[in-house]
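Please walk through this two-part explanation with the model open beside the text.

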Amino acid sequence: MVESQIKKLDTQEDFVKTEKKAFVIELKNIDKFYYTGVATQVLFDINLQFRQGSFNSIVGPSGSGKSTLMNLIGTLDKPTKGEIYIDGKRTDKMTKKELAELRNKAIGFVFQFHYLLPEYTALENVLLPHRISKEKITKETKTRALDLLTFMGIEDVKNNLANNMSGGQQQRTAIARALMNNPKILLADEPTGNLDTDSTDRVYDLLRDINEDFKTTIIVITHERRIAEKTDRIIEIRDGRIHLDLLK
Amino acid sequence: MNLPLSIALRFFRRSKSQTILIVIGISIGISVQIFVGLLLQSLQSSLLNNFVGNSSQITIESDTENPYIEGYEGIIEDLEEFDELTGIAAAADRPATIQDGLKTRNVLLRGFNIDDADPIYNIAPRIYEGEEASGDLEAIIGKELNDELDLDTDDTLTIFGIVKKGEDNMAVNRTFKIVGFFDFESEGINNQWIITTIESVQEMFNMNKTVTSIEMQVEEDLLYEADEIADDIDKELDLEDDGLKISNWIDENQQLLNGLQSQGLSSLFIQAFVLISVVIGISSVLAISVVQKQQQLGILKAMGITNRSASLIFLFQGLILGIFGAIGGIVLGIFFLWGFTQASASDFIVIQYNPIFILASAAIIIGSSVLAAVSPAIKSSKLNPIEVIRGG
Ligand SMILES: Nc1ncnc2c1ncn2[C@@H]1O[C@H](COP(=O)(O)OP(=O)(O)O)[C@@H](O)[C@H]1O
Ligand SMILES: [Mg+2]
């Protein structure tokens with residue numbers, strides 16, 4: 001009798017585990033306050049799950065809390081309340097060192113500004129996440145970096161410093177760099193905010209390809225509805241709350 | 001290559017002219033430190049060398065009315081047991097006078113055993129004309145004295161003295177043959193000393209087999225222990241029982257030593273302040289660099305660089321600035337010193353490029369540069385990527 005109870009518990013735990021595993025990112029009851037003299041609440045009781053390999057967009061007016069949310073997911077910031085899981089592991093209680101390792105291995109970032117390290121060439125920039133992981137640069141890693149640049153269509157400028165590339169080329173290099181360590185998650189905060197329409201379309205086509213080819217979970221923030229329409233799921237944030245969650 | 005080191009180098013390379021300017025600035029600061037340090041060390045050792053290098057450092061004299069030391073050869077035999085002594089010479093000194101036209105000049109007639117006195121007084125190389133006095137009634141005189149007397153070698157000079165005989169004073173004189181002229185680079189000595197053999201003085205002043213002092217030099221690196229060595233000799237030889245006293249250059253030159261000491265101290269102060277300003281310079285340059293590079297640091301942190309690595313970047317920068325600053329500073333400092341010796345007419349100061357001082361300075365400079373980088377490194381470690389990424 002006792003034995004079967006234990007078994008039951010086991011399977012329950014297994015169920016919970018697999019359930020969590022299915023979600024590569026999970027946010028539970030997230031509140032976020034900023035303290036600037038007065039406490040301002042920016043996010044209100046956010047609950048969200050993202051499936052492995054999904055292509056998601058977050059939209060909403062400026063100041064609604066999109067970037068705050070993404071920085072929490074990316075472990076660059078910590079929630080005031082609530083729990084965040086990446087790959088089933090709770091991140092809001094991790095040490096700085098564990099977080100650095102997680103960011104290096106599991107997450108790729110693309111930002112609106114600050115594309116590249118101007119001291120390094122495109123290829124060197126792409127190799128940086130690998131070097132940060134303290135693993136040796138082998139022939140394979142170099143080939144992978146070059147393949148990524150080719151995938152992004154910028155192999156011609158691989159030896160250029162950032163200053164000698166167009167904005168679109170820089171952002172595509174940044175995406176290649178974010179993909180270098182083959183992360184499960186790619187987070188992009190208005191990646192095309194500074195690009196013209198052609199470059200923007202190019203970048204989104206590439207993100208779609210990445211999602212399909214590498215099965216990378218992508219979350220992209222945009223204020224352009226047109227772009228969001230291209231993704232599989234649109235989450236709209238308003239005043240720090242989820243206003244809409246549309247799955248195609 | 002180690003990533004923080006490679007980033008440190010890239011950051012420098014990116015702002016090449018700025019980096020070169022900083023290294024030049026550090027080098028100039030350090031060159032001042034090296035220049036002042038080496039110059040003062042050399043000045044002090046030259047000063048000391050001139051002052052005590054060629055004179056008696058430990059002296060045994062009579063402690064009674066009677067200035068004559070009897071049985072001095074036995075004492076010298078005992079002194080030869082002391083390994084610290086590099087030269088031991090007996091001297092028979094007597095005040096005397098000479099006639100220069102109508103003028104009477106006071107001189108000190110010094111009788112040496114030339115072979116013994118040479119290691120102490122280094123007489124031979126200071127004779128610029130003629131040779132050493134080695135035979136009876138031969139003498140050499142100093143440059144300034146001869147400027148007055150205007151003698152040539154083989155000219156004669158009559159020297160007058162007083163010999164005490166019981167209660168009476170008796171005038172004596174001898175005519176010496178001048179065989180050479182010396183230059184001790186000291187007007188006092190050149191004016192007053194007339195150097196001859198021990199036997200000549202003993203005979204002229206009726207001293208029998210006595211001398212008036214026994215003079216000694218110690219090994220160069222024991223120069224500052226001359227007082228202790230003198231004490232040892234005093235104890236060992238029971239000099240007091242023989243009516244003798246022993247003196248040493250340290251006890252007799254406290255003022256000079258105090259002077260040298262405060263000079264050394266002020267040199268240390270200058271060096272320390274130069275070093276402090278160099279450190280402050282490096283620290284503020286790196287602090288500015290952290291701000292300049294905060295976007296890069298933010299991206300690197302988002303990519304998972306550890307805070308430790310982020311701080312290492314600037315520690316390496318401090319180290320690199322220190323190494324290049326030290327090399328540049330040492331080269332410049334030595335160049336300045338070389339220029340200084342070329343420009344100064346006097347060869348009084350012999351610059352000693354003390355390798356221990358140079359290496360120790362380099363080590364201190366490099367160490368301080370790393371220390372100067374600690375606060376920028378902490379800033380870099382604490383930098384929150386969110387602040388940068390939000391900044392836009
Ligand atoms: N560090 C901060 N301190 C105080 N307020 C902040 C901070 N970061 C963001 N905010 C505020 O939080 C709100 C949401 O900001 P953000 O997440 O950047 O919005 P979005 O990305 O949707 O434009 C805004 O009102 C913003 O001013
Ligand atoms: Mg935003």
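In this predicted model, Asp100(B) and Arg105(B) form a salt bridge through their side chains, with an N to O distance of 3.5 Å. Both Asp100(B) and Arg105(B) are buried.

Chain B also has a salt bridge between Asp93(B) and Arg110(B), whose closest N and O atoms are 2.9 Å apart. Asp93(B) belongs to strand E2 (residues 85–100) of chain B and Arg110(B) to strand E3 (residues 103–112) of chain B, so this pair ties together parts that are 17 residues apart in sequence. Asp93(B) counts as buried because its relative accessibility is 13%, a value under the 20% limit for that class. Arg110(B) has a relative accessibility of 3% and therefore counts as buried.

Chain A supplies a further example. Arg208(A) and Asp232(A) are joined by a salt bridge between their side chains, at 3.0 Å from N to O. Arg208(A) sits in helix H7 (residues 197–214) of chain A, while Asp232(A) sits in the loop between helix H8 (225–228) and strand E9 (233–238) of chain A, so the contact ties together parts that are 24 residues apart in sequence.

Over all chains, a search of the whole structure finds 20 salt bridges.

Next, the chains as wholes. The secondary structure of chain A consists of eight helices and ten strands. The C-alpha trace of chain A spans about 70 × 45 × 40 Å along its principal axes. What radius of gyration does chain A have, and does it agree or disagree with a compact globule? Chain A has 19 Å, and this agrees with a compact globule because 248 residues would give a value near 18 Å. Of those 248 residues, 51% count as buried.

Chain B has 15 helices and ten strands. Its radius of gyration is 32 Å, well over the 21 Å that the globule rule gives for 392 residues, so chain B is more spread out than a compact globule. Taken along the principal axes, the C-alpha atoms of chain B fill a box of roughly 110 × 45 × 30 Å. Buried residues account for 48% of the 392 residues in chain B.

One helix of chain B shows what mostly covered looks like. In helix H11 (residues 294–302) of chain B, seven of the nine residues are buried. Among them are Leu297(B), Ile299(B) and Leu300(B), and Lys301(B) is buried too. Just after H11(B), Gly304(B) takes a positive phi of about 100°.

Leu265(B), Leu268(B), Phe269(B), Phe273(B), Ile276(B) and Ile280(B) make a nonpolar surface patch of about 640 Å². Ile280(B), one of these residues, lies in helix H10 (residues 254–292) of chain B. With 52% relative accessibility, Ile280(B) counts as exposed, because the limit for that class is over 50%.

A positive surface patch draws on both chains: Lys78(A), Lys93(A) and Lys96(A) contribute to it along with Lys382(B). Lys96(A) is part of helix H3 (residues 96–106) of chain A. Its relative accessibility is 64%, and Lys96(A) therefore counts as exposed.

Two loop residues deserve a look at the backbone. Which phi does Lys215(A) take, positive or negative? Although Lys215(A) is not a glycine, it has a positive phi of about 60°. Lys215(A) is in the loop between H7 and strand E8 (217–221) of chain A, and it counts as exposed at 52% relative accessibility.

In chain B, Asp154(B) is not a glycine either, yet it has a positive phi of about 75°. Asp154(B) occupies the loop between helix H5 (143–149) and strand E6 (156–165) of chain B. The relative accessible area of Asp154(B) is 53%, so Asp154(B) is exposed.

Notes: Residues are numbered from 1 along each chain as its sequence is written. Chains are lettered from A and ligands numbered from 1 in the order in which they are written. This is a predicted model: local features need pLDDT of at least 70, side-chain atom pairs count only at pLDDT 80 or more; totals for chains, interfaces and linings use all residues. Side-chain values use heavy atoms; hydrogens and water are left out. Patches are made of residues with over 30% relative accessible area and no salt bridge: like charges are joined within 9 Å, nonpolar side chains (Val, Leu, Ile, Met, Phe, Trp, Tyr) within 5 Å. Accessible areas come from the Shrake-Rupley method with a 1.4 Å probe; for residues, only the protein chains shown count as cover. A salt bridge is a side-chain nitrogen of Lys or Arg within 4 Å of a carboxyl oxygen of Asp or Glu. Lys and Arg count as positive and Asp and Glu as negative; His and the chain ends are not counted. The place of a charge is taken as NZ of Lys, CZ of Arg, CG of Asp or CD of Glu. Helices (H or I, at least four residues) and strands (E, at least two) are DSSP runs, numbered from the N terminus. Buried means under 20% relative accessible area, exposed over 50%, partly exposed in between (1.4 Å probe, protein chains only). The radius of gyration is taken over C-alpha atoms; the globule rule is 2.2 Å times the number of residues to the power 0.38.
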